[in-house]
Amino acid sequence: MDPLAELKQTFFQECEELLGALELKLQALDEGSSDPEDVNAAFRAIHSIKGGAGAFGCTELVGFAHVFEASLDHLRSGRVAIEDAPFTLFLRCSDAVADLVAAARNDEPATERPDLLAALEQVGKEPVAQAPAPVPEPAPVAIPAPAAAATHNDAPPGIAALGNLLAMVEAKTAAPVQPVDDGWDDEPVVVPAPAPAAEKPGRDLRLRITPENDLFRRVIEPRVVLGSLPADDVVAIRCDLSQVPSLETLDVTDCWMRFEVDLRTELSVEELHGRFDFSLANEEFEIETLESASVAEAAPPAEPAAEASEVPSSVAADLSAILAKLGPAPEAASQPEVAPAPALPPVAPAVVAPVAEAPAAIRTAPRSPANDQSARQRQAVSVRVDLDRIDKLMNLVGEIVITQSMLVECVRSLPYDVYAKTAEGILTLSRQTRELQDHVMAVRAQPVKAVFQRMPRLVRELAQTLGKEVRLVLEGENTEVDKTIIEELADPLTHMIRNSMDHGLETPDERTDAGKPREGTIKLIAEHRAGRIVISVTDDGRGINRDRLLAKARSRGLVGADEKLAPEEIDQLIFAAGLSTAEQVSDISGRGVGMDVVRRNVESLGGRISVDSEPGRGCKFTLALPLTLAVLEGMVIRCGDDRYVIPIASVIETQHLASTPIERLPFGQEVLRWRGEVTPLYRLGEVMGSTGTTNENIVIIAETERGNNVGIAVDEIVGQQQVVVKSLEANYGTVNGASAATILGDGLVALILDIDSMLRLAASGGRPPVSDLKMAG
Amino acid sequence: MTMTLQLGEKHFSSAQPEAAARRIVTFKVGDRTFGIDVGMVREIKGWQATTPLPHAAPHVRGVLNLRGVILAVYDLRTAIGMGVTDASATHVIVVVDVEDKTAGLLVDSVSDIVDVPVSAVRPAPDLERDEHGLIEGLVLLDSDIVALLDLAAVIRDGGGEAQLKTSRAA
């Protein structure tokens, strides 16, 4: 893949995340949140999408996102009160953006949404009178007032940070002599206030904005920062370019601009802080109160301005001269913060730096600043890594775990004096290995948010199609689970939610008749429980119609005509394969479309799914999944010559077989009396066809997927350890009774038992008929 | 390939090598010689204990750990209806790549690598007893008849598929 395509791919991935965030925030606002951070986050998301889209030439997307952003900006700036904002429209627009992103991704023509655009443009129209009118631009030295920037509808070529970066690259390569190209729409460096503000009431403040170098990479640009100030209050803005390194060393993704803004404002310092909340860290700006006299002095920033804007013409020829002029005066440049300069020294004064010294200073300056380091300490830096690489790491750790358990075996045979020391070392090694494993797992862990975020859209669309009113509640989105599991979760969750919406929830009228609120609620909750992740989908709909489900199951021969089932057992029929494939089921039973598929998906992940239903009150599907597919905590057991691993998660209890009363029912099925229950007993060696003598001593009480208990008789419990899960399907195929395999310390393979599959194997009497084999051939 | 094949190479004919030739690894089960394309062979290793799979087809010996990868070992003797190999340290597992899977083939010994002109491969006679189509073709090599194996058929009947079928039926 060429680098651009790769970048584009990354952009689309990010878009997905951003769209998810956008939707969540809009949803939260729609539901009555008045947290300005939600508004900011939504704005940020669409802004970043627009920025990226601009860089990749997705014009439709940019156009739409721009209008969208502009209307969100009304909210952000308070021109439109959050309570009055049309969030339904915004949500529809967020869907439209998703469509546009999808179209751009697939290189398809985008559907235009003039209706939405028109509606968006209406947002904030009425109260616009209160907004400051766009200031006539005293060209060429004015920035457009933020309000103007926000309401202009023509697609802004360079507004997005990424677009700006590209522009910067082009500018730098095409016209290297343009020394003050700050990526800021080529506007001049020093900008006096758009309108003289001397008569205004308020205090005089000076703001020093010293963004970290990664400003652009945070997809923020100076315009956004400065634009968050009330335009009317700005007296002067000065841009300090003295720290911009020479062209050879300049990384265009670094921001080296520093700003000084004089304000006359009635806003308190706290309010000003609030303005920068989303764009800058606290360390990146400081606010200083000026004596009113100094404002007068600060007001004529015209000289440096003239100085700076003259630069291009005067030095076009000699690059080194430019560099010299841009070169920082080391003291002034490196410690602008520590020296709270009395109002006067303008920030871009280094024009007279000696030509000879400057280049050296330039090269060292950008590396040295202390704030560089502090920035690193402060921010959680993240890296995008190909999952493949982490998989390899995980595999390697798995190998180490195996090698280490192999060592443990070897050491046992050593003479005691040697053994003691080695054992100690191995103990340390095993602790370290485990830690390493945990850390690698943590690298792979991701919040389930990635999947959860897709659901609001699904619910909204479905609600529209089905004519139902639905509220989706998400909880525990930050619960972390292995990345591979997350990817596999999307399908089952989609199915479950669709099922709840389609069959579980009643129409608004039916709900009113049943005395419920018109709006149905679906809760999607994730949590960690006992080393597993448990995800539940709960609806407050009509619940499972057991009569119909049972009738259907009978007619399909899944349940015998005379067979009596407990209500809970009937509910479980939802997962039966024969039931759900037929279309009529969805018509009559109310439940069941695709739930067998869901169960299969979940089982293939080593998980379990169950359902609880209360007729008339609702229904709850619960998914329990392992946290990772790569390792599991297992109990190693032996039967004759063969060893197996039972996932600890399935084991409830172990006890001596001799102390447990066994009875034999007619037809030979053995049962245990355990805790007042009759629990079927299976002899593992028999079921799995183990070789060698079997002398069962131990019974393991294990839990099945349905929550029933079974007893499994084995010869011996060898131990408990973390095992690395290895696929049997990759090179062989499905093995009845086992979900996967692992490698034990002696290098031999042991099967990882799958209790439910083992029970099915036992029920089928084990050996597949010979005729079946022939058919396969 | 971790273990090099240190076997004398024998050319099919001393005449100039033909352009279209197949390089074949031959191995023995009892007194019968079998062959597969050298390209399918990943490595050759000595017999190693396998873990049996429950209720697998008879010629599936079980699974083993090949440097962290689990693969199934198929007893060629059983596959061709000559009983079960009484595996010992001198027996050999030929690790092969078949379609997208890796598998082990348990044989008595590996004999040789030979170049065979494509034209010398005769189609297998319609063997009534070869119901699974294991034999893909025959090559006359000196006095030996080398039966070229269709590995996919050996392995398919080895149970992967059969197991899959039964599990779906279950």
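This is a predicted model: local features need pLDDT of at least 70, side-chain atom pairs count only at pLDDT 80 or more; totals for chains, interfaces and linings use all residues.
Trainee: What is the handedness of the crossing of α16(A) and α17(A), and what classes of residue make up their contact?

Mentor: The crossing of these two helices is left-handed. Sorted by class, the contact of α16(A) with α17(A) holds 17 nonpolar, 5 polar and 2 charged residues.

Trainee: Which strands form the open sheet in chain A, and in what order?

Mentor: The sheet has 5 strands, in the order β7-β9-β10-β12-β11, and their pairing is mixed. From one strand to the next, the twist averages 15°.

Trainee: What makes β7 and β11 of chain A edge strands?

Mentor: Strand β7 (470-475) and strand β11 (608-614) each pair on one side only, and this identifies them as the edges of the sheet.

Trainee: How do you know that β9 and β10 of chain A pair?

Mentor: A pair of strands needs at least two bridges. Strand β9 (residues 520-529) and strand β10 (residues 532-539) of chain A share 8 bridges, so they meet the requirement. Their pairing is in the antiparallel sense. Within this region, A:L524 stands opposite A:V537 in β10(A).

Trainee: Which helix packs on the sheet?

Mentor: Helix α19 (residues 455-466) of chain A does, touching β7 and β9 of chain A. The direction of α19 makes about 170° with that of β7(A).

Trainee: Why is A:G606 called partly exposed?

Mentor: A residue is buried under 20% relative accessible area and exposed over 50%, and partly exposed in between. A:G606 has a relative accessible area of 39%, which lies between these limits, so it is partly exposed. A:G606 lies in the loop between α26 (595-604) and β11 of chain A.

Trainee: Leaving aside neighbours within four places in sequence, with which residues is A:G606 in contact?

Mentor: They are A:R532 and A:P626. The C-alpha atoms of A:G606 and A:T628 are separated by 9.4 Å, with the two residues 22 apart along the chain.

Trainee: Why is A:D107 called exposed, and what makes B:E99 exposed?

Mentor: The relative accessible area of A:D107 is 66%, over the limit of 50%, so A:D107 is exposed. The value for B:E99 is 71%, again over 50%, and B:E99 is therefore exposed. B:E99 is found in the loop between β7 (92-98) and β8 (101-107) of chain B, and its phi, near 45°, is positive.

Trainee: How many helices and strands does chain B have?

Mentor: Chain B has 2 helices and 12 strands. Of its 170 residues, 51% are buried.

Key. Residues are numbered from 1 along each chain as its sequence is written. Chains are lettered from A and ligands numbered from 1 in the order in which they are written. Side-chain values use heavy atoms; hydrogens and water are left out. Helices (H or I, at least four residues) and strands (E, at least two) are DSSP runs, numbered from the N terminus. Axes are lines fitted to C-alpha atoms, for helices over the stretch in contact, and angles run from 0 to 180 degrees between N-to-C directions. Contact means heavy atoms within 4.5 Å. A crossing is left-handed if the near helix is turned anticlockwise from the far one by less than a right angle, and right-handed if clockwise. Ala, Val, Leu, Ile, Met, Phe, Trp, Tyr, Cys and Pro count as nonpolar, Asp, Glu, Lys and Arg as charged, and the others, Gly among them, as polar. Buried means under 20% relative accessible area, exposed over 50%, partly exposed in between (1.4 Å probe, protein chains only).
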